[in-house]
Amino acid sequence: MPSLTVGTATAAPGTRARGVIPVTNLPGGRPLDIPVIVLNGVEEGPCLWVDAVVHGDEPEGTLACHWLAAEVDPATLRGSLVLVPVLNVPAFEAAQRGNPLDTFSYDLNRIYPGRADGYLTERLAHAHSQWLRDVASFEISIHSGGAHSYLSETIFTTTDPAAIELAKAMGRGWSLILKNIRPSGSPGAVMHEAGKPALTVELGGRSATSPQDFHRCARILADGVLNVLRHYQMIPGTPTYAKKWYTGFQHALLAPASGLFVAEPGLAFQQRMPQGALLARIVDVYGDLLAELRTPVEGMIFGLRALPTVQTGDWCCFYAQLEGEL
Ligand SMILES: [Zn+2]
């Protein structure tokens, strides 16, 4: 069992190591790095790679990575676990979706595999994807609704059987597995091109960062990763699975008017709804109705706008049109 190196972190068998993947320097002279935690096991096996904060306003995965680094014991690990607690550091520092220092490649999740001689964020994507492609057997990117929305437990992946197996390995509570028909521009696209499975998992958002909610989301995310490790027999224990899995694709329901977005108070995530059901009303500053938002087809909501102020064309609801069970 050899040592495992990612960036400046080298972990001997049975140990943890911390380091960074260097990218470049910022104008003030500080380095732009990607922090990385490497847990190297004691037995040959696959490498699970977890990325948090692809988007800077989605820190649920960071807390989950901190817990995973402490809870997974490299002395009983088969294979290895690589944790990137904060991928897009400048975006995280600004608590914004993208790096505010970068105008032309603001959204890190749209520009993979990046470019060695490209814009700032493209260089970060390039440095990350080189290590990811070489080291990872499978990858999980942890996202949430960020500043704009709350998302319930949802997985996006390809229709590749190995990717579906990885999605099902997230365990109990992760029953919605939506198709990402073109997984272009994300870390998962790099993995897909290399013939290796990857997931985008969603849970949380800034509307759910009260102490209890933030812990709840991070716990569910960390438990999902632990369940994946059990499923692939990388750590001891019996994995759990959802009772059934639904598949389908996402409808983005956009605001038909600007005003105050008032969702129906009884809305429940991941419950079947008929076509034409009322999701929300948009009212003006006097309280008069401007528009209604209704379900476009039979399906279920898996995410909802968090900010009541809404502009025409803003994202209001993450809606799943179901195609059946997996
Ligand atoms: Zn995101």
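Predicted model: local features only at pLDDT ≥ 70, side-chain atom pairs only at ≥ 80, totals over all residues.
Where the two domains touch, domain 1 contributes 12 residues and domain 2 contributes 11 residues. On the side of domain 1 that touches domain 2, the elements giving two or more residues are strand 8 (149-157) and strand 9 (176-179), and strand 8 gives the most, with 5 residues. By class, the residues of that side of domain 1 divide into 4 nonpolar, 7 polar and 1 charged.

A second contact to follow is the one between two helices. Packed helices are in general described by the angle between their axes and by the distance between those axes. For helix 1 (residues 60-71) and helix 6 (residues 211-231), the axes come within 8 Å and cross at roughly 55 degrees. Because angles from 65 to 115 degrees count as roughly perpendicular and those under 35 as roughly parallel, helix 1 is described as oblique to helix 6. The crossing in which helix 1 passes helix 6 is right-handed. Helix 1 makes this contact through Glu60, Gly61, Leu63, Ala64, Trp67 and Leu68, while helix 6 answers with Phe214, Cys217, Ala218, Leu221, Ala222 and Val225. Sorted by class, the contact of helix 1 with helix 6 has 10 nonpolar, 1 polar and 1 charged residues.

The next element to trace is a sheet. Strands of a sheet pair through backbone hydrogen bonds, in either a parallel or an antiparallel sense. Here an open sheet of 4 strands runs in the order 14-13-12-16, and its pairing is antiparallel. Strand 14 (289-294) and strand 16 (309-310) are the edge strands, each of them pairing on one side only. Strand 13, made of residues 278-283, is joined to strand 14 over 5 bridges in the antiparallel sense, and Ala280 stands opposite Leu293 in strand 14.

Two details of the backbone remain. Most residues other than glycine have a negative phi, and most peptide bonds are trans. Val53 is not a glycine, yet this residue has a positive phi of about 55 degrees; Val53 is found in the loop between strand 5 (43-52) and helix 1. The peptide bond from Tyr112 to Pro113, in turn, is cis, with omega near 10 degrees, and Pro113 lies in the loop that runs between helix 2 (89-94) and helix 3 (120-135).

How values were computed
Residues numbered from 1 in each chain as written. Pairing = 2+ DSSP bridges. Axes fitted to C-alpha atoms, helices over the stretch in contact; angles between N-to-C directions. Parallel < 35°, antiparallel > 145°, perpendicular 65-115°, else oblique. Left-handed = near helix turned anticlockwise from the far one by under 90°. Contact = placed C-beta atoms within 7 Å. Nonpolar A, V, L, I, M, F, W, Y, C, P; charged D, E, K, R; others polar.
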